[in-house]
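Colleague: Could you walk me through how to read a few features of a model like this one? I would like the general idea each time, then the case at hand.

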Amino acid sequence: MARMNASTNRFDPFRNFRFKVKWDGQYVAGLTKMGALKRSTEMVEFREAGENITSRKLPGKTKYEAVTLEAGVTYDTAFSDWANLVNDFASHSITSLGEFRKNVTVDVFNEAGQLAISYNLYRAWVADYQALPDLDASANAVAITTIKIEYEWFERDPNVNEQPNQGPARIG
């Protein structure tokens with residue numbers, strides 16, 4: 001039987017276009033796309049002495065895949081500012097790991113615009129940065145900037161739950 005949160009009777013899944021990403025306490029402006037959060041755990045086979053017919057399977061090392069964020073090019077410099085911090089660390093301009101690592105929050109909203117789910121990505125840093133796509137004067141497209149972030153782990157925030165719909169607000 002499916003587990004349901006006691007505060008809601010929701011059966012429909014959330015829409016994948018209702019999300020915001022933030023770091024340093026601020027949402028990233030113009031974010032249009034985010035890759036999937038993915039975790040995989042290696043399998044380790046184990047054979048016990050005297051039990052050579054079968055092997056046991058144990059969980060091994062867990063790996064978290066990098067995630068890509070895309071945003072339309074605007075006056076917002078969040079992507080380039082963060083990417084430059086990693087560059088500064090690599091060139092020894094800064095000496096603290098804490099200066100370029102950030103905790104990132106992904107907020108997913110329901111149809112009413114209420115916060116429903118949050119994921120936290122810990123100790124993230126920019127691995128790839130693309131300032132502009134290929135420019136084409138004959139194209140009818142938006143200029144997109146991209147970062148790929150590496151992070152050490154993610155988890156769903158247990159303190160964020162969709163609130164039951166109270167219906168439309170009454171005036172009067």
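Colleague: Where is Thr146 found?

Modeller: Thr146 is found in strand E9; helices (H or I, at least four residues) and strands (E, at least two) are DSSP runs, numbered from the N terminus. This is a predicted model, in which local features need pLDDT of at least 70 and side-chain atom pairs count only at pLDDT 80 or more, while totals for chains, interfaces and linings use all residues. Residues are numbered from 1 along each chain as its sequence is written, and side-chain values use heavy atoms, leaving out hydrogens and water.

Colleague: Is Thr146 buried or exposed?

Modeller: Buried means under 20% relative accessible area, exposed over 50%, and partly exposed in between (1.4 Å probe, protein chains only). Thr146 has 15% relative accessibility, so Thr146 counts as buried.

Colleague: Which residues does Thr146 touch?

Modeller: A contact means heavy atoms within 4.5 Å. Not counting residues up to four places away in sequence, Thr146 touches Thr68, Leu69, Glu70, Phe79, Asp128, Tyr129 and Gln130. Turn to Leu69 and, leaving aside neighbours within four places in sequence, you find contacts that include Val21, Trp23, Phe79, Thr146 and Ile149.

Colleague: Which residues touch the most other members of the largest nonpolar core?

Modeller: A nonpolar core is a set of buried Ala, Val, Leu, Ile, Met, Phe, Trp, Tyr and Cys residues joined through side-chain atoms within 4.5 Å. The largest one has 24 residues, and Trp23, Leu69 and Ile149 touch the most other members. Among the elements that each supply at least two residues are strand E6 (67–72), helix H1 (78–90) and strand E9 (144–150). H1 gives the most to this core, with 5 residues.

Colleague: And the aromatic rings: how many pairs does the structure hold?

Modeller: A pair of aromatic rings is described by the distance of the centres and the angle of the planes. Rings of Phe, Tyr and Trp (its six-membered ring) pair if their centres lie within 6.5 Å; planes under 30 degrees apart count as stacked, over 60 as edge-to-face and the rest as tilted. The structure holds 8 aromatic pairs. In one of them, the rings of Phe100 and Trp125 have centres 6.4 Å apart and planes at 85 degrees, so the pair is edge-to-face. Phe100 lies in the loop between H1 and E7 and Trp125 in strand E8, so this pair ties together parts 25 residues apart in sequence.

Colleague: How do Phe100 and Trp125 compare for burial, buried or partly exposed?

Modeller: Phe100 counts as buried at 4% relative accessibility, whereas Trp125 is partly exposed, with a relative accessible area of 27%.
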